[in-house]
Amino acid sequence: MSCLRLTIAALFCIVLTTVPMQAQLVINELSNGSSGAREYVELLVVGTPSCTNSCVDLRGWILDDNNGTFGAGAGTGIAQGHMRFANDATWQCVPIGTIILIYNDNDRNPNVPADNTTGANCTYVLPASSTLFERNTSTPVVNGSQAHSGPYVSGGSWATQGLSNSDDTYQVRDPNNLAVPFHAVGYGSSNNNNTIIYFAAAAGTGSVYYMDNTVSNDPFDQANWLKGTAPADETPGAPNNAANALWIAALNNNCSPTPGVQVDLGADVSVCAGDSITIRATVSVPGGTFVWNGVNTGTVDSIRIAPAAAINIIVEYTAGPGCTDSDTLFVDISSAPVGAIAGDTAICFGGTTTLTASGGTSYLWSTSDVTVDITVSPLISTVYTVTVTNASGCTDTVSATVNVSNQLNGSIVGDTAICDGGNTTLTASGGDNYVWNTTDATPAITVSPSVNTIYTVTITDNNGCADTVSTTVTISAAPNGAIAGNTTICPGASTVLTASGGNSYQWNNTANTAAIAVSPLTDTTYVVTVTGSNGCLDTVSALVTVSQAPTANAGADELICEGSTVFLTATGGGTYAWSTSENTETISVSPTTTTSYAVTVTANGCTDADTVTITVNPNNIVLVVDTVVPESCNQLNGSITLQSPSNFVTYTLFDNGQAIDTILGGGVFFDLAAGTYDIIATDNNGCQRNVSSVVVPSVTAPPFNVAINTPTCFGEANGSVVFTGAASLTYSINGGAALPSGSFTGLAADDYSFTVADNISGCDTAFIVSLSQPDELSLTVTPDSVNIITGDLVDLVSTTVGGSAPFNYIWAPANDLNCDTCPTVTAAPIDSLNIYLLTVTDTNGCIDTARVVVRVNNEFLITVPSGFTPNGDGFNDFLRPLSNEPITFTMMVFNRWGEKVFESTGLPGWDGIYKREPQPLGTYVYIIEYTRLTNNTRGYLTGNVTLLR
């Protein structure tokens, strides 16, 4: 709140701003009344004023007279029977500067104004019994050292708040710090412990204690307090004096909303480079001070600047303590435009040019034109000026000079009559630069037109002035020369070449006749110059090609075996003619005796011939299989014997195309497996004979099957190995006797050696069978032994290792357990000694057991669980005391606001329901009064419990 809005002295504003106060609750006036118990306390919500309405949450604040004393040796805490502000929306946000008057409605002070329960005019007048308060239900005791505790009931009472006439202190305590009073006013001869405002040796009868703001507005300063006489000095529900009234008014602006201060610099602006600008602030509350970009200008509300670059102007306006606002204005620098003029500035006499301005948004020429471009035709060199303005209104002025040049006179010289195919040089003059219609850019060009052609040149000087001249080149027809004759010959041949098309001829071999005979050894070009009747020439040529003669090759001579076929392939030409009358490049022959074959090769019209000789060797190899011995018992002991082998022949054995054995002059292949083989015999001339598909049979034992079963449980001997097969088979284990039956049972986990023998083939098979040991099934329960007290619960947690899931669990006995087939159970035994046995069985029927011993202490015990779960599952659904003796009890339960949500005598206890609604999760307070039926003694329990779902 701004001091400028208050009609008070400037000094008072200084006091407010130099003593910032925490937003809390203090005592402003306390009265014993003029007689009887016409007592009251006047509270004040305090805090540092600000531009916006501030408020305080008073819910839970403690009001207490500490049962008469804060004296040495007495209590310093919160007495039983105290009051507090209820958990009501009325107290959730109480404005700073609000007066709260609480009076004894059993003996109402006549100075107390009418009740005000709405807080109108920032004032509450309330009886102590108002339901806007709650009270502790216990009776105060002499020693006020009790800790803050419930339970609370709705509505306060001055009966437990009454002020003593000798020694007493009235205190308020912040619920966030209950250790010490936030504010207190006390009096008496010995009430000097833990006090804040204290009147020593002062009796309370007919007295009133009030804040009079003598030196400051600090309610914690003893110098600001006076003791007066009731009723003369009583002002309940109103300021105590003028200074007190000014203080309260400063807190709440006479209970009127305080508007926030605002300062506005307007919209961002732009200024041309080098210009200046004035910036002015507009405020909602006048009379404050300004700080511009960190410079304090007091009440000056404007500044003038000429920025060299873009800048943020920041103003901070203060209209009073806590009443500050700021605004920022961005001042941009608009650069001056950079004007430019484009266009030709050199023209010829009588010419025109267009000048185009750029760099701005509008233009003003020295010709008075306002367009972007202008077209001018000066007769002499002239200066043109334009002023360029950009979007920000900034300007720039630029100029351009248009220079006028003299006119040109151009010409072309050169021969303008040529023969067809000839050329001529044309030369232009009269300027500095030349561009022909041939795209040439030189003064002279050489041209060879095929028809009559006009040549034009544009002549320019260095100023760009131009002149254009033309000339025509006329063409005379050239003779049409030609050469006839055969131009392809074989080596050593000749040909005649004949020229035509003119009146005379000149060859490059010095001949000057129309026809010449030539016999070149290599490819040769012959050129003739033909001259026509008009003297024009034509030159033609002919290439005489000497074809390459082929080189015939019938291939190398070969040696073959009798009965073999050989392929002959000729090379060297395009076509082939064999002595066998065949005309393909490759032929096949099968001579029985030595024979020569000739081939004629033709290529490029030329021919050549060659001969190849095939020598035939006789084949005298004999290859016959004599005997075959089968393989027995898969031992690679088969063999093939050859009939009458030759010492000069190599015999090779093949299996699936792969050579596996070679014999030179031998006759037997040994160590063969059953299968099909090929044999090839080769003599020293390379001649061969072969025998295919020689079969080596097999003699083996009949097949058999084996079934293996490992032991089902750890350590058991119920594994088996069972063989099935032909009747001729026998079976033995670990080197024992051969048995006709292949069933071996009762086996433990181990490695076993088996032999299967065949009585017909004599073959046997030996191998090892390993029977694996299954995982051992192991069961443990934690704890395995435990001591509890009556009414306690204990969780028994099992752990299963090994075995094969799924597992089945059985607890015995099942009484006192929440489940008899679960791996983990909760036990609630009553007997002094309880033994539980858990049996687990896996899917293979393997079993293990574990034992738990639970001992129960039967001394009198009473407990309350730390939490309960009222979810209807039949387990831990009610909050109630647990005892190992019969008891009767009365129980009350309060929520965290002190509201009683349950009260009942005896079972079943609280089910978490209040006003037919399930209560939220959280912590609750219980008070239990119980009676032991065994000896009729009484006791109390109090504590916290957590409601879970």
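Buried means under 20% relative accessible area and exposed over 50%, with partly exposed in between; the legends below use these words for a predicted model.

**View 1. The salt bridge between Glu-903 and Lys-900.** The closest N and O atoms of Glu-903 and Lys-900 are 2.5 Å apart. Glu-903 has a relative accessibility of 47% and therefore counts as partly exposed, and Lys-900, with a relative accessible area of 35%, is partly exposed as well. Side chains of opposite charge can pair when their charged atoms come close. Under the cut-off of 4 Å between a side-chain nitrogen of Lys or Arg and a carboxyl oxygen of Asp or Glu, the count for the model comes to 8 salt bridges.

**View 2. The salt bridge between Asp-57 and Arg-59.** Here the side chains of Asp-57 and Arg-59 meet with a distance of 2.9 Å from N to O. Asp-57 is partly exposed, its relative accessible area being 36%, while Arg-59, at 23% relative accessibility, also falls in the partly exposed class.

**View 3. The salt bridge between Arg-280 and Asp-301.** In this pair the closest N and O atoms lie 3.4 Å apart.

View 4. An α-helix has 3.6 residues a turn, so residues three or four places apart point the same way.

**View 5. The largest pocket and its lining.** Rolling a probe the size of a water molecule over the atoms shows where empty space is left. The largest pocket of the model has a volume of about 610 Å³, and the elements that give two or more residues to its lining are β76 (882-883) and β77 (887-894). The lining is made up of 22 residues, and those that lie nearest the centre of the pocket are Gly-791, Leu-793, Arg-880, Pro-881 and Leu-882. By residue class, the lining of the largest pocket divides into 12 nonpolar, 7 polar and 3 charged residues.

Technical notes: Residues are numbered from 1 along each chain as its sequence is written. This is a predicted model: local features need pLDDT of at least 70, side-chain atom pairs count only at pLDDT 80 or more; totals for chains, interfaces and linings use all residues. Side-chain values use heavy atoms; hydrogens and water are left out. Buried means under 20% relative accessible area, exposed over 50%, partly exposed in between (1.4 Å probe, protein chains only). On a 1 Å grid over the protein atoms alone, a cavity is a set of points where a 1.4 Å probe fits but cannot get out, and a pocket is an open set with protein on both sides within 12 Å along at least five of seven lines; lining residues have an atom within 4 Å of a point. Grid points are joined across faces, edges and corners, and a volume is the space filled by probe spheres set on the points. Helices (H or I, at least four residues) and strands (E, at least two) are DSSP runs, numbered from the N terminus. Ala, Val, Leu, Ile, Met, Phe, Trp, Tyr, Cys and Pro count as nonpolar, Asp, Glu, Lys and Arg as charged, and the others, Gly among them, as polar.
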